[in-house]
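This briefing is arranged by topic for a reader who has the sequence and coordinates to hand. It begins with a charged pair and then turns to the chain as a whole and to selected elements.

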Amino acid sequence: MSTATPPASSQSPAAPSPAQEPSHNVSQVDRAVLEYLRSRGHNSAEKALLAELEGATPDDKGKAAETIDADELVKTLAVFAHKPSRPGENVLKDSSSVLQELTAMGNPSNIQSLISSIGSVGAEEILSLDPTDKQEGFRELEAWVDGSLDMYRPEFRPILFPIFCHFYLDLAQHGFKDAALRFFSTFSTSLSPSHNATLHHISTLLLPAHVQNDELAQRFRNEKFSVRMSRSGFGLLVGWLTEGVGGEALGSGDGFSGEKGKRGRAAVMRVVNNHLRFDVTSSNPSSVSPHAWEESTGLLSSLIPKASGSTNASYTSPQTFNASKGDLKLGPAPLGDELRAEAERVLREQAMVERDPAAQYEFQIPRPTSVPGMVIPSESDLLPHPPTFKSIDVEREVSAVRDARKRIRLDPTVLANLDASSPQASAVRARALPSICAYTLHDVVEGYGPLDTSLMAAGFSESYIRLWSLKSEKLQGMRSDFNANSIKDVSSLQKIKEKKGTTTRKLIGHSGPVYSVAFDPVGGSATPPKYLLSASADATTRLWSLDTLSNIVAFRGHENPVWDVKWSPMGIYFATASRDRTARLWSTDRVSCLRIYAGHLSDVDCLQFHPNSLYLATGSSDWTARLWDIQRGSCVRVFLGHQGAVSTLAISPDGRYLASAGEDLAINLWDIGSGKRIKKMTGHSASIYSLAFSGESSLLVSGGADCTVRCWDVKGSGGSKSKPRENGSIGLANGDNASHGDDDNLET
C-alpha cells in the first residue's frame, strides 16, 4: 500500500458533493474506482485521482488504457472498506465474507459484479505488506521499552533485536528495498553496540533472493527466538500489545491510536506470535542482574546439542543440557608414582647441594587434593601416553616445584577497599598486580605468536613464521648438504649445523597466511621448546623442529583455513580449530586426526585444553563456547551469553573457571562444573583477542584491539556498586545471580 494512501474516514458517509465528471478517455476501471470513492464520501481521494487522470500528457492519451487485474483492485479497495460503527476495523479481514460485507455496504452493482469474479482475499495479508506499518510499530515499541521502569527495561530490551531483524527481512523479502534501508538507518543505531556484527550482516541482504539463500536469515525464519522474561514483565508486554497501553512512564506515549497505530501493533504481534518463544520465570525482576537475561536469549534451538540418540528431542535451555551431562572430572591430572619418586629424589639432591634451609622441606611434590565439588581423574581416564617417563619429564616436574617456590602470589582482592591516594597504595598495588614485560613488533600488518622464556614466534600474512631469540643467542639450522648417515651422536649432529647464525630466522613452508603458532610444553620452564606448531589458511597444520629449523610434517584434514592450534598440557597431542566448523584432535606420531568435534554452527575460532587434558574448550563465531570430552568426542557443556563471535578462551590453572571474550567487548567468566556464568566483565572498547590467568587463578589479564591490557579480579564477587533500585531493594541479589554484573578492572 502506498504511503500516500489517505486514512480511512471515521465519519459516516457524507452526501456526495458535486464533482467534476471524468472525461471520456478515462478507462472503465478508473471510472469504477472514482464512483466507489464518491459513494463512500472520500472526496479528497476522488479529486486527487481525477486530477492525476486528467493531467495525463497527450502522449499518454494516445496510448492504450492500462488495466489492473482483479487482485490489484481488491488491494486498492481493501484499505477503504471499514465499518462506520467501528472505525479503523477492515471488513475484508475475513476472506470468507468479502462479498457479504460489500453487499451490506450498498456498493454500486458494477463494483460488486467486478469483485464477484475475484477469489476470496483477506485484507490482513494485504495490509501486512505496508512498509510504514513496520516503521510505526517498531517506533512505538522502542518508545515503550525506553519509557518503561528501570527494573523492567533490561528484560524488555532483548525483544527489540529479533523484531527489528524480522521487520527488515520482511521488507527485503517483499521487494521493499528502499523502505528496508530507511528502516535500518532509522532504528539500527540503538542496537548496534550489542549486535554490530549481525546488523552488518543483514544490512547486506537487499533482495528477496538474498534473504532466501542466506543461512542466518533462514535461521531467523525457521527458528523461534527465545526471550527470558519475568511473569510481571510478560503481563505488561501482553497488555501493551493487546490494549496499546501499560507499562510506559507518564507522558511517554498514548498507546496505539488510529489506523496506522493499530496496523503497527498488528505487525509487532505477528512477529511475537510466530517467531518468539518466551521463557517466563517467576523471579522478581529487581533480583536479577541486567546481564542475566542474555543467557536465555537468542536462537537457542540449534545452538544447544540434541539429546543423545535422538534426532527430534531437544533441550530448551543450556542449563538443562549441562545438568543432563552430570559431573565432570575437573581435578588435576594424577602423576605416576615412578615419575613422582624420581622427581622427589632429584629435588632432594639439589636441596642438599645448594644447602638451602628454606628448600629442604619443599622437595616433595604435593599430591592432588580433592576440592569440594571437583572430581580427580584416574590415570585410566587420561589420554594414552608412553608407559615410561623420560629425563625431560623429570626436569619438567622439578622446575615446576622450583617455579612455585619462587612465584609471587598475586592477590587483587586487597585492592577492593584501597584508597588510591593513600601512602601504602603503591606497596599494596605492587603485591597485588603483576609486572609487565612487553615485546613490540613494528611495521607488522598481521601477525601473532607465543612467547617462551628463550624464544618468540609469530606468524604472518606473507605465509612465513619468524623466530626470535630472546637471549641474543644465534639460531643455527642444518646445512643443506649434510648426509643423514653421518649422524651418529650429539657431537656429529653439532658438526652439520650452520657455522653462522642470526638471532632471528624465517620458517618457510606454508602457502597461505599463518594464523596461529604454539611451542611444545613438554620441557616446561626447564628447557627451551623443541617443536613448534603452526596453523595456516592453506588448511594445513605444520610441525617444525627448533633444532633443525625445518618442517617435519604437514597435517592435512581440514577443508578450510585453520584459525588456531594448541598443544595439550603434556605434549604429544594437539588440537586445531577451523573455518569448516570443526575442531580436531591430532597426535604427533600420526598424520591423520584422531577425533573430530562437530556441532558449532559457524567457524571454530579458538580452543583451549583443560589442565588435566580430559576436556577441550572451543569458541565459535556462532556466539557460543563448548566443552568437549576429548576421548568420547561428545559435547558436555555449552556456554551461551555472548552477543558476538568468541575470539579467545582461557581456562584457569586450577581447572574450575573458563574465561571467554570476543567481538561483543565483554569477558564472561564461567563455572565449568555447573556451566553457569559467574559474572560478565566489561571495559574494553574494541574486540578482545587474548586472555591469560595467573598461576593461582586469582587474576585474569586481557588484551584487546583498543591498545590496552587490563587486569581483572577473578575471585571478587563482581557487579556494580550496590545502589537502591526503584522499588527500594538493594542492587546486589542473593542466590545464583548475586555475582552477575560488570566488574571493575585495572588498565595498563
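Arginine 153 counts as partly exposed because its relative accessibility is 25%, where partly exposed lies between buried (under 20% relative accessible area) and exposed (over 50%), computed with a 1.4 Å probe on protein chains only. The model is predicted: local features need pLDDT of at least 70, side-chain atom pairs count only at pLDDT 80 or more, and totals for chains, interfaces and linings use all residues. Residues are numbered from 1 along each chain as its sequence is written, and side-chain values use heavy atoms, with hydrogens and water left out.

**Salt bridges**

- Arginine 153 forms a salt bridge with aspartate 150, with 2.8 Å between the closest N and O atoms; the term denotes a side-chain nitrogen of Lys or Arg within 4 Å of a carboxyl oxygen of Asp or Glu.
- Aspartate 150 is likewise partly exposed, because its relative accessibility is 38%.
- Side chains of opposite charge can pair when their charged atoms come close.
- Across the whole structure, the search finds 13 salt bridges.
- Arginine 584 pairs with aspartate 580, the closest N and O atoms lying 3.7 Å apart.
- In that pair, arginine 584 is buried at a relative accessible area of 10%, and aspartate 580 is buried at 13%.
- Arginine 632 forms a salt bridge with aspartate 629, the closest N and O atoms being separated by 3.1 Å.
- Here arginine 632 is exposed, with a relative accessible area of 69%, whereas aspartate 629 is buried, with 11%.
- A network of salt bridges links Asp393, Arg396 and Glu397.

**Overall composition**

- The protein contains 21 helices and 28 strands; these are DSSP runs numbered from the N terminus, with helices being H or I of at least four residues and strands E of at least two.
- Of its 748 residues, 46% count as buried.
- Among contacts (heavy atoms within 4.5 Å) with a separation of 6 or more, 57% are between residues 24 or more positions apart.
- The accessible surface amounts to about 36,900 Å², and 51% of that area belongs to carbon and sulfur atoms; accessible areas come from the Shrake-Rupley method with a 1.4 Å probe, and for residues only the protein chains shown count as cover.

**Helix α11**

- Helix α11 spans residues 177-187, and its buried residues are Ala179, Ala180, Phe183, Phe184 and Phe187.
- Viewed down the axis of α11, these buried residues fall within an arc of 135°, so they line one face of the helix; the arc is that of the directions from the helix axis to the C-beta atoms.
- An α-helix has 3.6 residues a turn, so residues three or four places apart point the same way.
- Asp178 and Ser185 are exposed on the other side of α11.
- The cover over the buried residues of α11 includes α8 (131-146), α10 (160-173) and α12 (192-202).

**Serine 463**

- Serine 463 lies in the loop between β6 (455-460) and β7 (464-469).
- Serine 463 counts as buried because its relative accessibility is 15%.
- Apart from neighbours within four places in sequence, serine 463 is in contact with His510, Ser511, Gly512, Pro513 and Val514.

**Sheet β13-β14-β15-β16**

- Four strands in the order β13-β14-β15-β16 make up an open sheet with antiparallel pairing; two strands pair if DSSP finds at least two bridges between them.
- β13 (562-567) and β16 (595-598) are the edge strands, each pairing on one side only.
- From one strand to the next, the twist averages 20°.
- Strand β15 (residues 582-587) runs antiparallel to β16 and is joined to it by four bridges.
- Alanine 583 has tyrosine 597 in β16 as its bridge partner.

- Strand β23 (residues 666-671) is largely enclosed by the rest of the structure, because five of its six residues are buried.
- Strand β22 (residues 657-662) pairs with β23 in the antiparallel sense over five bridges.
- Leucine 658 stands opposite tryptophan 670 in β23, and tryptophan 670 also stands opposite arginine 677 in β24.
- β22 and β23 form a hairpin with three residues between them, and leucine 665 in its turn has a positive phi of about 65°.
- Five bridges also join β23 to strand β24 (residues 677-682), and the two run antiparallel.
- The hairpin of β23 and β24 has five residues between the strands, with glycine 675 in the turn at a positive phi of about 80°.

Conventions:
Axes are lines fitted to C-alpha atoms, for helices over the stretch in contact, and angles run from 0 to 180 degrees between N-to-C directions.
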